[in-house]
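Please read the following report alongside the sequence and the coordinates.

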Amino acid sequence: MSTLEIIGGIVILVLSLLTIVVCLSQEQKSQDSMTAALTGASADSFYGKNEGRTKEAILAKITRVMAIILFIAVLAVNIVPIFTK
């Protein structure tokens, strides 16, 4: 194993652990659609309108970005050794 592969493996390990921690820190989404349909409740609330600024929305964006970075890191670790031989 080369030094580049070891560093890439460590980066992938850290990114995957951070992604898991961020995913687990998110709250579970409730499924109140059936209750709202039966009771006539409106889904238009202040919380719904400002959903992009909440802690949950920020964690969802961080999760999405970290997953993309993890995907790129895995591709890089698998592609770079091909060109360095």
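This is a predicted model: local features need pLDDT of at least 70, side-chain atom pairs count only at pLDDT 80 or more; totals for chains, interfaces and linings use all residues.

## The chain as a whole

The secondary structure of the chain consists of four helices and zero strands, so that, when read along the sequence, the pattern is α-α-α-α. Of the 85 residues in the chain, 16% are buried, and the accessible surface comes to about 7100 Å², with 69% of that area belonging to carbon and sulfur atoms.

## The second largest pocket

The second largest pocket holds about 220 Å³ of space, and helices H1 (3-25) and H4 are the elements that give two or more residues to its lining. That lining is made by 14 residues, and those that lie nearest the centre of the pocket are Leu 4, Glu 5, Ala 76, Val 77 and Val 80. By class, the lining comprises nine nonpolar, three polar and two charged residues.

Two of the residues nearest the centre, Glu 5 and Ala 76, are 71 residues apart in sequence, while their C-alpha atoms are 9.9 Å apart in space. Ala 76 is found in helix H4, and with a relative accessible area of 33% it is classed as partly exposed.

## A nonpolar patch on the surface

Ile 68, Phe 71, Ile 72, Leu 75, Ile 79, Ile 82 and Phe 83 together make a nonpolar surface patch of about 760 Å². One of these residues, Phe 83, is found in helix H4, which runs over residues 55-84. Phe 83 counts as exposed because its relative accessibility of 67% is over the 50% cut-off for that class.

Lys 55 is placed in helix H4, whose range of residues is 55-84. This lysine is exposed, since its relative accessible area of 58% is over 50%. Lys 55 and Gln 26 are 29 residues apart in sequence, and the distance between them in space is 8.6 Å, C-alpha to C-alpha.

Gln 28 has its place in the loop between H1 and helix H2 (33-39), and at 78% relative accessibility this glutamine counts as exposed. A further pairing across the sequence is that of Gln 28 with Glu 56, for which a spacing of 28 residues along the chain goes with a C-alpha to C-alpha distance of 9.7 Å.

How values were computed. Residues are numbered from 1 along each chain as its sequence is written. Side-chain values use heavy atoms; hydrogens and water are left out. Patches are made of residues with over 30% relative accessible area and no salt bridge: like charges are joined within 9 Å, nonpolar side chains (Val, Leu, Ile, Met, Phe, Trp, Tyr) within 5 Å. Accessible areas come from the Shrake-Rupley method with a 1.4 Å probe; for residues, only the protein chains shown count as cover. A salt bridge is a side-chain nitrogen of Lys or Arg within 4 Å of a carboxyl oxygen of Asp or Glu. Buried means under 20% relative accessible area, exposed over 50%, partly exposed in between (1.4 Å probe, protein chains only). On a 1 Å grid over the protein atoms alone, a cavity is a set of points where a 1.4 Å probe fits but cannot get out, and a pocket is an open set with protein on both sides within 12 Å along at least five of seven lines; lining residues have an atom within 4 Å of a point. Grid points are joined across faces, edges and corners, and a volume is the space filled by probe spheres set on the points. Ala, Val, Leu, Ile, Met, Phe, Trp, Tyr, Cys and Pro count as nonpolar, Asp, Glu, Lys and Arg as charged, and the others, Gly among them, as polar.
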